[in-house]
Each structure stands twice: as C-alpha cells, then as structure tokens.
Amino acid sequence: MDFFRRFSSASALIALLVAGAFFMENLDATVINTALPAMAVSFGVQPVDLNIGITAYLLTLTLLIPASGWLADRLGCRRVFMASIVVFTLASLLCALSHSLWQFALARVLQGVGGAMMVPVGRLAVLRNTPKPDLMQAIAMITWPGLVAPVLGPPLGGFITTYASWHWIFLLNLPLGIVALALAWWLIPPQDDVAAPSRFDWPGFLLCASSCLLLMSGLEQVGGPGRWSLALPCLLAAALLLAALWRHCQRSHAPLLDLSILRIPTYRTTIAGGSLLRAAINTTPFLLPLMFQLGMGMDAFRAGLLLLILFAGNLGMKVVTSGTLRRFGFRSTLLLSGVSLVVLTLLLATFGPGTPWPWMVLVLLLSGMARSMTFTTLSTLAFVDVPAAQMSHANTLFNMLLRMAYGLGIAIAAIGLRLAESWLPQAGALAHYHFAFVVLAGLTLLALWDVWQLPGTAGQLLSQQPEARH
C-alpha cells in the first residue's frame, strides 16, 4: 500500500498503534448501549440508571483532556501514553468485576481518566513523529476509529451480551491493552520527551474544565423533554466561563490553551466550521437507527445491518482519500464532500417503509463515504500549518472540540425533533425524524460557508503530488 511505502516503518506502526488505541477507547464509549438491560439485571437497578456509566465516562474525558497537552510536554508522549493505557486497561478489568452500580460508575470514571490521556496524547505522538509531507496518511489512519466505533459499538455490544456476557465487553480490553503497552514502549521514541518550562495553569484549567462540564451538561439536557429549565442556566453559565477563559488565555504568560493558534486560517476553519461539520457527521449514526425502528417499524437487527452500510462506506473511502486530496486539494475536496453530505442527508429525510432497499443501501453507502472524506480532510487540514512549538496546544483544543461536537450534534438533532413534534403534532414519528435530518443538512450547509473562505492553496504542501516535493 502507498501508506506503508511512503512512511518509514516506525511512523507507520506508531500511527497504526494509535489508531488501535483510539478504536478501543471510542468503542467503549458506545458499546455498552445495547448491554444496559443485561447490566441492569446484574446490578439490580433499572436500565435507565446505567446512564450514569455513560455520562461519567464522557464527562471525565471532557474534564481532563485540557490537561493532556501539558502532561505530554512535561513528561513526554511515551510516558503519558503508556500510563494512560495501563489506567484504561485496569479500569476495564474493574468494570468487568463490578457488582454494583456505584462500583461500575467509579470504574468508568477511572476508565475516562485513561481515555482522556490516551486519545489526545496518542494523536500528539503521531504528529510529533511524522514528517509533515506524510501527515496526510497518518491522519487518515488515526481518524477512522472516530467514524467506525460509533457504528460498530451498539451491534457488537448486543452480540457479546447475547452470546457471551456483558463482562466480556470490558475483558476483551485486557489483551488489547497489554499488546498496546508493549508496542508503545517499543515504537514511540523516548527522545520525544520534552520538559515544559512553565507551571501548570490551574486557573485556566479550572475555567476550562468547568465551562466544558456545564456546556456538555447543558447540551445533554436539551435532549430531554421539559429540561430547558435546566439546560438554559447550564449553557448561560458555560458561556460566561468561556468568556472568562478567553480573557484569561489572552492575558496569561503561559496559558493552558494558546489561543493565538486560531490566527492560522486553516486551523481556525477546522475549529469553527469544522466543529459544525463534525457535529452533523457524528449525529447521523444516532438518528438513523431511531428512525428505522421508531419511524419505519424495523426491528433492531435490520436497523443494525443498515447502519453497518455506513461503516462499509467509511472503509471504502479510506482507499482513495489521499489520492483525492492530492488531485483536488483541501478546499475543493471539503466543498465537494460537504455538498454531497447536504444532498445525501436530505435524501435520508425521504426514507420510508416504501423506499426500495437497493436505493437505501446506495444512499447509506455514499453517505458513509462522504462522512469519511469530510472527517479525514478536516482532521488533516487542522495541523498542516501549525508550527511544531504550538502543536501540543493545537492538539489539545482540537480534541476538546472533537468531543463537544458530538454533544452539539445530538442537541441540535433533539431540538429538531422537539420542534417537529410541536409544529407537526399529527404528522407521526417518521416525519419528525425527516425534519431532524433536514435540520442537520442545514447545519452542514452553514458550516460550508467557513470552508468557502479558505484559499485555494490551503494545505498545498500536503495535497500536492509526491513528485513535486522532491
């Protein structure tokens, strides 16, 4: 493959290692969704009570990601990445050994601590150990877990729970973690370790963590009926704290987040419009199975099979992503894939019980391909113009907003469903999901305005033909 020919063996293996770690972490965020009823029986609680296991994990990730860049600068990527694998693996064992809800929730918090370090620091290890001309292939490799895991998680969790036990969802992480730990020690160079001269920015961390916690909590509340009385105070407080964080970062000599990187046009676009695009991309696997089951009357098995077509499209597009970017450049590729997403999302809003199966399969396959191309292009473009000295700050902010984009997308989809229920009360559930997909298409179109502002030469160093670089 071109990936292996163009990379040094060490760079390629580091990217594959980090991709595997990302997949393990992303999978654990969604795989327990279908196992909740069986877990509730084991713990003697109601299935809805198990939501604390999901929430505790995601909130811990959100709170601790801001500290990951400072830790990597202070202790080195290899040390922090290996420590995060150990914590994540041991926490997985504790999850499997849990006998009560509070034990499971505490184990998930510990697992979130490992995941918060593993995801951004692993990406930083790739960014620091990969030459910029080869960055496109590296990012293409490590972004697929973010697309694949949310699609594979629910059906895989259901399969393991049905034919084995929910405990194996977490026990399978043990051999994977041991292998990943050995590979990290072998592959990631120790000379990557760089001592950070600055002290930890505690005021910035507290402002950042509090604002992220309130923002994620507010977005989660938006998804439920009658929760606006809780959502609005959380979102307002988050906005005030974010304003305070911005002011602090502008005045501090050594801020937790160096916001001067937002002056880089390519990075700024992937943060602003890119966050909206990722929100729309990540929401599709959430809405589709609900529409298939609640709107079109399918059973969970058929809905899961259709969702796997998105996965096939994601993988299929990876083969041609690098060649497409080299041929058309970042701006043109993003605009083309973004417009395709708008059209395909609108086509999803036409699905119904009478829609022919071949047509549904084709639209879902193309949608998976467009999602993959957009996601990979954004993730690569984010770092093409970032200087090495600012890579840690850029990576931390990128990973924070990557997490928040999922919550934002879910909130927007929930608002769309609530509006449809209010405006179209007699239309039925299917029409409500159609309306939500139309809202997502509008969100995608809005995000493309930011992409339109990019110069045609954006990311030219990476997107030009290999021969031109020698």
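1. A cavity, as the word is used here, is a set of grid points where a 1.4 Å probe fits but cannot get out, and a residue lines the cavity if one of its atoms is within 4 Å of such a point. The model discussed in this note is predicted. Keep both in mind when reading the points on enclosed and open spaces.

2. Start with the chain as a whole. The protein chain has 19 helices and 0 strands. Of its 470 residues, 56% count as buried. The chain exposes about 19,500 Å², and 70% of that area is supplied by carbon and sulfur atoms. Contacts between residues at least 6 apart in sequence were also examined: 83% of them join residues at least 24 apart.

3. How many cavities of 30 Å³ or more does a search of the whole structure find? The search finds 1. The largest cavity has a volume of about 60 Å³. The residues that line it are Ala-280, Ile-281, Thr-284, Leu-341, Thr-345, Ser-367, Arg-371, Leu-440 and Thr-444. Two or more lining residues come from each of helix H13 (273–295), helix H15 (321–348), helix H16 (357–381) and helix H18 (429–452).

4. The lining of the largest cavity can also be described by share and by class. H13 provides the largest share, 3 residues. By class, the lining divides into 4 nonpolar, 4 polar and 1 charged.

5. The second largest pocket holds about 390 Å³ of space. Its lining consists of 18 residues, and those nearest the centre are Leu-242, Leu-397, Met-400, Leu-401 and Met-404. In terms of class, 17 of the lining residues are nonpolar and 1 is polar, with no charged residues.

6. Which helices supply at least two residues each to the lining of the second largest pocket? They are helix H10 (202–222), helix H11 (228–251) and helix H17 (391–423). H17 gives the most, with 6 residues. On the level of domains, at least three lining residues are drawn from domain 2 (206–257), and at least three from domain 3 (260–459).

7. Glu-421 also lies in helix H17. Is Glu-421 buried or exposed, or in between? Glu-421 counts as partly exposed because its relative accessible area is 37%, which falls between the limits of 20% and 50%. Along the chain, Glu-421 and Tyr-433 are 12 residues apart, and their C-alpha atoms are separated by 9.7 Å.

8. Leu-288 belongs to helix H13, the helix with the largest share of the cavity lining. Why does Leu-288 count as buried? Its relative accessibility is 0%, and buried means under 20%. Setting aside residues up to four places away in sequence, Leu-288 touches Leu-307, Leu-310, Leu-348, Leu-364 and Phe-437.

9. Thr-269 is in helix H12 (residues 265–271). Thr-269 counts as buried because its relative accessibility is 6%. Residues up to four places away in sequence are again not counted, and the residues that Thr-269 then touches are Gly-274, Asp-450, Val-451 and Leu-454.

10. Met-24 sits in helix H2 (residues 9–30). With 5% relative accessibility, Met-24 counts as buried. Apart from neighbours within four places in sequence, Met-24 is in contact with Phe-88, Met-118, Asn-173, Leu-176 and Gly-177. Met-24 and Ala-149 lie 125 residues apart in sequence, while their C-alpha atoms are 8.3 Å apart in space.

11. Gln-111 is part of helix H6 (residues 101–129). Its relative accessible area is 0%, so Gln-111 is buried. Which residues does Gln-111 contact, leaving aside neighbours within four places in sequence? They are Asp-28, Tyr-57, Phe-88, Ala-91, Ser-92, Cys-95, Phe-170 and Asn-173. Phe-88 and Asn-173 are also among the contacts of Met-24.

Conventions. Residues are numbered from 1 along each chain as its sequence is written. This is a predicted model: local features need pLDDT of at least 70, side-chain atom pairs count only at pLDDT 80 or more; totals for chains, interfaces and linings use all residues. Side-chain values use heavy atoms; hydrogens and water are left out. On a 1 Å grid over the protein atoms alone, a cavity is a set of points where a 1.4 Å probe fits but cannot get out, and a pocket is an open set with protein on both sides within 12 Å along at least five of seven lines; lining residues have an atom within 4 Å of a point. Grid points are joined across faces, edges and corners, and a volume is the space filled by probe spheres set on the points. Helices (H or I, at least four residues) and strands (E, at least two) are DSSP runs, numbered from the N terminus. Ala, Val, Leu, Ile, Met, Phe, Trp, Tyr, Cys and Pro count as nonpolar, Asp, Glu, Lys and Arg as charged, and the others, Gly among them, as polar. Domain bounds come from an automatic or database domain assignment. Buried means under 20% relative accessible area, exposed over 50%, partly exposed in between (1.4 Å probe, protein chains only). Contact means heavy atoms within 4.5 Å. Accessible areas come from the Shrake-Rupley method with a 1.4 Å probe; for residues, only the protein chains shown count as cover.
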